[in-house]
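Could you walk me through this model in my viewer, one selection at a time? I would like to know what to click next and what I will find there.

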Amino acid sequence: MHHIWPPEHAGRVIDDAELERLYTYPAAPRWLVANFVASADGAVELGGRARPLSTPPDRKVLRLGADLADVLLIGATTATVENFRGVHPDQQTRARRHRHGLARIPPTAVVSTGRSLPADAPVITQAQVPTLVLTCAAAPARTQKAWSDAGAEVVVTGDDTIDPAAAVSALLDRGLRRIDCEGGPHLFGALVAAGLLDELRLTISPMLTAGTAGRIATGPAIEPANLRLASALGEGDTLLLRYLAQQ
Ligand SMILES: NC(=O)c1ccc[n+]([C@@H]2O[C@H](COP(=O)([O-])OP(=O)(O)OC[C@H]3O[C@@H](n4cnc5c(N)ncnc54)[C@H](OP(=O)(O)O)[C@@H]3O)[C@@H](O)[C@H]2O)c1
């Protein structure tokens, strides 16, 4: 893997220790990172999943994002279609988290109004630490109870809809300030619209897919938000981009 941007580092090889430093969350009161992989023509899924778009360097930085976070944030659809089970740390993750003074296992926070998150979803039932379900008061009481009975902590953050700012505040209230959002596009669109993004980590996968796949953010149009390219790395034909949101 090598640097492409900024220009003073272009061409230089980056080793694992430097990569980890580059992907370490800054000491800010809140740092919300969104991770996506897209094909060169902008598709966010292939056959309904993100994984076929991913490459080994993408998986390496995705893992760093989770390993160095306090919490993983994910939309209900992504959690279910990707069969997300929460973090199950291996030796490398355990050692890395210990070195950074992080909790042994970061919890997952799933956003759902109740429609797309069954109580037996693996993100709840197979997690090693209780999953937070970020929901709203309008979610049926029996659904909320089923999530709790399955082991989740249910957090109500709005009346009819989930208020993204209140949801993120609920994470901060629990000391979870390094937030690793792993999608999907509806959740990301809501976070961007609410001005909650700090950093976008975007992998451009070397493939064209055409078709009708969506892109990384969806939802109502917003005033274009400017980004600053913080780093670009390359490995083989994969591009790993880090953008900072301009506040
Ligand atoms: N390429 C990548 O890196 C990547 C990453 C992630 C996902 N994906 C792909 O994206 C697709 C899923 O996309 P998606 O946009 O439908 O998924 P999503 O954002 O993960 O989930 C959407 C669902 O999450 C809940 N939700 C999200 N934002 C909400 C908000 N502001 N208020 C209330 N509820 C909210 C709702 O659940 P309820 O219906 O339960 O209310 C909503 O239906 C999959 O094909 C997945 O593979 C790709």
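Start with the sheet: colour the strands and you will find an open sheet of 10 strands with mixed pairing, in the order S1-S9-S10-S8-S2-S7-S3-S4-S5-S6. Strands here are DSSP runs of E with at least two residues, helices are runs of H or I with at least four, and both are numbered from the N terminus; two strands pair if DSSP finds at least two bridges between them. At the edges sit strand S1 (2-5) and strand S6 (153-156), each pairing on one side only. On average, neighbouring strands of this sheet are turned by 25° against each other, direction ignored; the axes are lines fitted to C-alpha atoms, and angles run from 0 to 180 degrees between N-to-C directions.

Before you click further, a word on the model. It is predicted, so local features need pLDDT of at least 70 and side-chain atom pairs count only at pLDDT 80 or more, while totals for chains, interfaces and linings use all residues. Residues are numbered from 1 along each chain as its sequence is written.

Next, select strand S8 (residues 199-205). S8 runs parallel to S2, joined by 7 bridges; Val37 has Thr203 as its bridge partner, and Ser39 stands opposite Ser205. With strand S10 (residues 238-245), S8 pairs in the antiparallel sense over 6 bridges, and there Arg201 is partnered by Arg242. S8 is largely enclosed by the rest of the structure, because 6 of its 7 residues are buried. A residue is buried if 20 or more other C-beta atoms, placed from the backbone, lie within 10 Å of its own; it is exposed if 12 or fewer do, and partly exposed in between.

Now move to strand S7 and pick Asp180. Is Asp180 buried or exposed? It counts as buried, because it has 27 C-beta neighbours inside 10 Å. Leaving out residues up to four places away in sequence, Asp180 touches Val33, Asn35, Gly65, Ala66, Ala69, Leu72 and Leu73, where contact means C-beta atoms, placed from the backbone, within 7 Å.

Then show the largest nonpolar core, which has 59 residues; Val110, Ile179 and Cys181 have the most contacts inside it. Such a core is a set of buried Ala, Val, Leu, Ile, Met, Phe, Trp, Tyr and Cys residues joined through C-beta atoms within 7 Å. S2 gives the most to this core, with 6 residues.

Select Gly75 in strand S3. Gly75 is buried, because 24 other C-beta atoms lie within 10 Å. Its contacts beyond four places in sequence are Val111, Gly183, Gly184, His186 and Leu187. Gly75 and Leu187 are 112 residues apart in sequence, yet their C-alpha atoms are 5.7 Å apart.

In H8, Pro185, Leu187, Phe188, Gly189, Ala190 and Leu191 are buried. The cover over these buried residues includes S2, strand S3 (71-75), strand S4 (108-111), helix H7 (164-173) and strand S7 (178-181). After H8 comes Gly195, with a positive phi near 70°.

Finish at the ligand. Its shell has 32 residues, with Gly75, Thr78, Thr113, Gly183 and Gly184 the closest; a residue is near if its C-beta atom, placed from the backbone, lies within 6 Å. Colour the shell by type and you get 14 nonpolar, 13 polar and 5 charged residues. Here Ala, Val, Leu, Ile, Met, Phe, Trp, Tyr, Cys and Pro count as nonpolar, Asp, Glu, Lys and Arg as charged, and the others, Gly among them, as polar.

Methods
Contact = placed C-beta atoms within 7 Å.
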